[in-house]
Amino acid sequence: MAVSEQPLANAVLVIDDEPQIRRVVRNALQPMVSRVLEAATAREGMDLAAAEQPALVVLDLGLPDLGGMEVCRDLRGFTAAPIIVLSARHGEREKAALLDAGADDYMTKPFGTLELQARVRAQLRRYAAATPASSRVVAGDVEIDLTRRVVTRAGAEVHLTPTEWGLLRAFVSHPGQVLTHNQLFRKVWGGSAGDAQQYLRVYVGQLRRKLESDPIRPRLIRTEPGVGYRFEPGD
């Protein structure tokens with residue numbers, strides 16, 4: 001038998017009321033992590049999450065006792081661990097609402113084992129990279145010093161307005177993660193009255209003109225149609 005690789009996480013938690021789905025997820029994740037915890041209800045899952053502090057949560061949207069969005073919000077009250085939601089529904093509005101509630105990723109049923117494993121690996125990498133707060137981020141020829149509030153591109157300093165800086169900081173703090181229009185609006189403007197999509201369209205466009213080598217085909221700040229934006233620092 002080949003020697004197993006170092007586990008990516010100590011424990012992950014699967015919250016799903018269907019035993020067959022829990023079994024599929026457990027079998028997919030067991031080679032990657034030390035322990036797979038299981039819960040059949042939202043309340044049991046939240047109790048396990050609070051007690052065990054798993055590195056990641058796989059959450060079914062259709063639980064018998066609580067709605068998926070409520071569970072996401074409750075989990076976010078005490079854990080920053082990534083949450084991957086499973087659902088048979090796949091509308092853009094529902095996806096955006098779940099991301100607003102605290103989910104990090106979304107998979108529609110039926111799903112493949114390889115895709116689930118890839119998404120779990122990606123979320124665990126992003127969470128591990130974001131946990132130790134780094135004051136300096138390098139993305140291609142762009143360098144961002146969060147402590148000094150200095151941004152350079154190809155060695156030349158880039159002037160950002162306070163709003164542009166707030167938006168860039170929100171992106172940099174969540175590398176590779178989709179941030180919805182409402183999430184960004186709350187982070188940068190504090191959720192004040194206004195059209196979130198219109199505000200973001202203007203300021204994301206300004207950031208792209210200052211940071212992207214080709215603002216028409218951005219590689220740093222990617223658009224997620226109908227949902228929001230994603231900051232990709234590079235491969």
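## A walk through the helices

Helices H3 and H4 cross in a right-handed manner, where right-handed means that the near helix is turned clockwise from the far one by less than a right angle, and left-handed that it is turned anticlockwise. Before you go on, note that this is a predicted model, in which local features need pLDDT of at least 70 and side-chain atom pairs count only at pLDDT 80 or more, while totals for chains, interfaces and linings use all residues. Residues are numbered from 1 along each chain as its sequence is written, and side-chain values use heavy atoms, leaving out hydrogens and water.

**Stop 1: H3 and H4.** Select residues 68-76 for H3 and residues 92-101 for H4. Helices (H or I, at least four residues) and strands (E, at least two) are DSSP runs, numbered from the N terminus. The two axes lie 8 Å apart at an angle of about 20°; axes are lines fitted to C-alpha atoms, for helices over the stretch in contact, and angles run from 0 to 180 degrees between N-to-C directions. H3 and H4 are therefore roughly parallel (under 35 degrees; over 145 is roughly antiparallel, 65 to 115 roughly perpendicular, and the rest oblique). Now show Gly68, Met69, Cys72, Arg73 and Arg76 of H3, which meet Glu94, Ala97, Leu98 and Ala101 of H4. Contact here means heavy atoms within 4.5 Å.

**Stop 2: H1.** Move to residues 19-29, where Ile21, Arg22, Val25, Ala28 and Leu29 are buried (buried is under 20% relative accessible area, exposed over 50%, partly exposed in between, with a 1.4 Å probe and protein chains only). Look down the axis of H1: its buried residues fall within an arc of 130°, so they line one face of the helix. The arc is that of the directions from the helix axis to the C-beta atoms.

**Stop 3: aspartate 145.** Pick this residue in strand S7, residues 142-145. Is aspartate 145 buried or exposed? Aspartate 145 is buried, at 17% relative accessible area. Leaving aside residues up to four places away in sequence, aspartate 145 touches Ser135, Arg136, Val150 and Trp165.

**Stop 4: H6 and H8.** Select residues 162-172 (H6) and 196-211 (H8), whose axes are 10 Å apart at an angle of about 85°. That makes H6 roughly perpendicular to H8. Among the contact residues are Leu167 and Phe171 of H6, and Tyr203 and Leu207 of H8.

**Last stop: alanine 128.** Find alanine 128 in H5, residues 113-130. Alanine 128 is partly exposed, at 48% relative accessibility. Its C-alpha atom is 22 Å from that of threonine 180, 52 residues apart along the chain.
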